[in-house]
Amino acid sequence: MLTCKEVSRSIASDDVGDERLLRRLAMKFHLLMCRHCRRYSRQMQQIGSAAREVFGGVPAEPGSRQRLRNSILDRISHVEKDDSDPRV
């Protein structure tokens, strides 16, 4: 039987449909037995539905992913510089 950790990772990464038949059956069995994982699965479905509803009709701007990536990398580099400061 799969552990809750394995099932929650598969649910969160949305790999459920890509799994082999035996693993999908093991996940279904686990979800039948574990109310916590069932609840987590429902929550993830609701979050996904809400996100699709909010962002589904909005087309992405060209280059927005690259700008977001650059912004994240810029912030990470500032944090790393602050962490290496010997005065702290």
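The protein has four helices and zero strands, where helices (H or I, at least four residues) and strands (E, at least two) are DSSP runs numbered from the N terminus, and read along the sequence it follows the pattern α-α-α-α. This is a predicted model, in which local features need pLDDT of at least 70 and side-chain atom pairs count only at pLDDT 80 or more, while totals for chains, interfaces and linings use all residues. Residues are numbered from 1 along each chain as its sequence is written, and side-chain values use heavy atoms, with hydrogens and water left out.

The predictor's confidence in each residue, pLDDT, runs from 0 to 100; the protein averages 80, and 80% of the residues score at least 70. Confidence is highest in helix 2, at a mean of 92, and lowest in helix 4 (residues 64-83), at 74.

Of the 88 residues in the protein, 14% are buried, a term that stands for under 20% relative accessible area, with exposed meaning over 50% and partly exposed the range in between (1.4 Å probe, protein chains only). In helix 1 (residues 4-13), the buried residues are Val7, Ser10 and Ile11. They lie on the same side of helix 1, because they cover an arc of only 100° around the axis, the arc being that of the directions from the helix axis to the C-beta atoms. An α-helix has 3.6 residues a turn, so residues three or four places apart point the same way. On the face of helix 1 turned away from its buried side are the exposed residues Lys5 and Arg9.

Helix 2 (residues 21-33) contains Leu32, which counts as exposed because its relative accessibility is 65%. Together with Met1, Phe29 and Met33, Leu32 makes a nonpolar surface patch of about 520 Å². Patches are made of residues with over 30% relative accessible area and no salt bridge, with like charges joined within 9 Å and nonpolar side chains (Val, Leu, Ile, Met, Phe, Trp, Tyr) within 5 Å.

The cysteines remain to be considered. A search of the whole structure finds zero disulfides, a disulfide being a pair of cysteine sulfur atoms within 2.5 Å. The sulfur of Cys4 has its closest cysteine sulfur in Cys37, at 3.7 Å, which is too far for a bond. Cys37 is likewise in no disulfide, and its nearest cysteine sulfur, that of Cys34, is 3.6 Å away.

Terms used
Accessible areas come from the Shrake-Rupley method with a 1.4 Å probe; for residues, only the protein chains shown count as cover. A salt bridge is a side-chain nitrogen of Lys or Arg within 4 Å of a carboxyl oxygen of Asp or Glu.
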